[in-house]
Amino acid sequence: SRQAGQDLHSDGLQLLTGPFQGDEVARRAHAEYFALEAQECSRARDFEGMKSWCEEGLRLQPKDPLLTVLLALAVYRLRDFERARSLWESFPELPDAAPVLRLIALDGIITTDMLRLLRGVPEPERSALREETDRRTQELLREADGLLPSLVLPFLSSRGGALVERGEVEV
């Protein structure tokens, strides 16, 4: 069967093979269940539901990187920008995070910082935040080199926003 665009093994096959799999496989499968449900909620634009699935999954699997990034996206969509930023900042503490999730988290930090700049941050914090955003977008693009274009496009958008904020245009 398929869920969220992914092939899933039948319940019978999972029950048959489950006892022979290690704890890590079982933990990952359990977290993926919550992540798939959260993604379905996201597709339906039910960000409260997405948040609930992620929070429940993280209650059971507290250090799951995918659930953490999905929760950050959910609370961002619910306009809780500070919590989203805090979740994205927690990524260096998650040793199992895939490199692409780390890049998404870095882009999330950049996005929330850009929002702060757009809303008006007083000097001297504004200059420091502008420079930090510039540095982070450069780092993001360096690390994203070689990824699929569909993954890199949002990062390019963040870089463009940082350049506009600095009053610069890169050719």
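Accessible areas here come from the Shrake-Rupley method with a 1.4 Å probe, and for residues only the protein chains shown count as cover. On that basis the chain exposes about 10200 Å², with 56% of it supplied by carbon and sulfur atoms.

Before you click further: this is a predicted model, where local features need pLDDT of at least 70, side-chain atom pairs count only at pLDDT 80 or more, and totals for chains, interfaces and linings use all residues. Residues are numbered from 1 along each chain as its sequence is written, and side-chain values use heavy atoms, leaving out hydrogens and water.

Switch to cartoon. You'll find 8 helices and 2 strands (DSSP runs, H or I of at least four residues and E of at least two, numbered from the N terminus). Along the sequence they run β-β-α-α-α-α-α-α-α-α.

Now select L66, in helix α4 (residues 65–77). L66 is partly exposed, at 23% relative accessible area (buried is under 20%, exposed over 50%, partly exposed in between, with a 1.4 Å probe and protein chains only). Leaving aside neighbours within four places in sequence, L66 is in contact (heavy atoms within 4.5 Å) with R28, A35 and L101.

Next stop: select L73, Y76, W88, I104, D107, G108, T111, L151, P154, F155 and S158, which line the second largest pocket. Helices α4, α6 (99–119) and α8 (149–166) each give two or more residues to that lining.

Conventions:
1 Å grid on protein atoms, 1.4 Å probe; cavity = no way out; pocket = protein on both sides within 12 Å on 5 of 7 lines; lining within 4 Å.
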